[in-house]
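Biologist: I am new to this one. Can you put it on screen and take my questions?

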Amino acid sequence: NRCFVLRVHRRGNNSDAAVQSELLWMDALRKAGIATPAVVPAMSGGLFVHVGEEPDRYQCDLLEWLPGKLFNDLGRVARGMRVEFCDRYKQLGALAARVHKQSKNWQRPADFERRCWDEEGLLGETPVMGRFWEHPAITPGQKREILKARLVLREFLKKFGKTAENYGLIHADFLPENILVHDGELSLIDFDDCGFGWYLFEMATS
């Protein structure tokens, strides 16, 4: 029996071009031998469809189900948790390297569109994840410290720079729930946040 995942995208999170780009990259990674879900085209041949009418219109796509347990679900490990975690993170680093090698060498379509996790996307006036320094739970003192850190880190990232060796197309969400372990191998799901960023961002997220 084949199992599938129907994804209903958050409204306004990504443009149609960005969703198309995400699915094209997933397919390219899979063809390069990296375990990602297979995209199931619609009957029209498109990779996703629109469901509903504005303002309740959603982008939907269908993916094949990947078997496995979550990255941090260790279960019963004979060698101990520390050894198991070290082994899994070594595998994860190798997976990240394969993903980044493919993205560096892949000829992207001319209309490829994804967000940027650069100094502006992380720390600019309108960051991808929102103006974190305006979170209602932080105190005025905490806000001052956060704003100072934001200025320092923006300058650091500008100086760090973007080169072909350190910056490119990344998954950007290496959380345990997005990494599956099956028969000792790792597979990668949930490319919703993929975009352009520093390669080390994968490990920071993880």
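Biologist: Leaving aside neighbours within four places in sequence, which residues is Lys 69 in contact with?
Modeller: This is a predicted model, where local features need pLDDT of at least 70, side-chain atom pairs count only at pLDDT 80 or more, and totals for chains, interfaces and linings use all residues. Residues are numbered from 1 along each chain as its sequence is written, and side-chain values use heavy atoms, with hydrogens and water left out. Contact means heavy atoms within 4.5 Å. With neighbours within four places set aside, Lys 69 is in contact with Ile 179, Leu 180 and Val 181.

Biologist: In which strand does Lys 69 lie?
Modeller: Strands (E, at least two residues) and helices (H or I, at least four) are DSSP runs, numbered from the N terminus. Lys 69 is exposed, at 53% relative accessible area, where exposed means over 50%, buried under 20% and partly exposed in between (1.4 Å probe, protein chains only). The strand that holds Lys 69 is β5.

Biologist: What is the order of strands in the open sheet of three?
Modeller: Two strands pair if DSSP finds at least two bridges between them. Pairing in this open sheet is antiparallel. The order is β5-β8-β9.

Biologist: Which strands stand at the edges of that sheet?
Modeller: An edge strand here has a single partner strand, so one side is left without a neighbour in the sheet. That holds for β5 (69-70) and β9.

Biologist: How many bridges join β8 to β9?
Modeller: Strand β8 covers residues 179-182 and strand β9 residues 185-188, and the two run antiparallel. Ile 179 has Leu 188 in β9 as its bridge partner. The number of bridges joining β8 to β9 is four.

Biologist: Is Asp 183 buried or exposed?
Modeller: Asp 183 sits in the loop between β8 and β9, a hairpin with two residues between the strands. Its phi is positive, near 55 degrees, in a residue other than glycine. With a relative accessible area of 69%, Asp 183 is exposed.

Biologist: Is Ala 172 buried or exposed?
Modeller: Ala 172 belongs to the loop between β7 (167-170) and β8. Phi of Ala 172 is positive too, near 75 degrees. At 5% relative accessibility, Ala 172 counts as buried.

Biologist: What is the omega of the peptide bond from Glu 54 to Pro 55?
Modeller: Pro 55 lies in the loop between β3 (49-51) and β4. The bond from Glu 54 to Pro 55 is cis, with omega near 5 degrees.

Biologist: What is the bridge partner of Cys 116 in β10?
Modeller: Strand β6 (residues 115-117) pairs with strand β10 (residues 195-198) in the parallel sense, over three bridges. β7 runs antiparallel to β10, joined by four bridges. In that pairing, Leu 169 has Phe 196 in β10 as its bridge partner. The partner of Cys 116 in β10 is Phe 196.

Biologist: How much space lies in the largest pocket?
Modeller: On a 1 Å grid over the protein atoms alone, a pocket is an open set of points where a 1.4 Å probe fits, with protein on both sides within 12 Å along at least five of seven lines. Points are joined across faces, edges and corners, and a volume is the space filled by probe spheres set on the points. For the largest pocket, that space is about 240 Å³.

Biologist: Which elements give two or more residues to the lining of the largest pocket?
Modeller: Lining residues have an atom within 4 Å of a point. Among them are Val 5, Arg 7, Leu 63, Glu 64 and Trp 65. The elements that give two or more residues are β1 (4-8) and β4 (58-64).

Biologist: How many charged residues has the lining of the largest pocket?
Modeller: Asp, Glu, Lys and Arg count as charged; Ala, Val, Leu, Ile, Met, Phe, Trp, Tyr, Cys and Pro as nonpolar; the others, Gly among them, as polar. The lining has eight nonpolar residues and one polar. Its number of charged residues is three.

Biologist: What percentage of the residues of the protein count as buried?
Modeller: The secondary structure comes to five helices and ten strands. The protein has 206 residues. The buried percentage is 37%.
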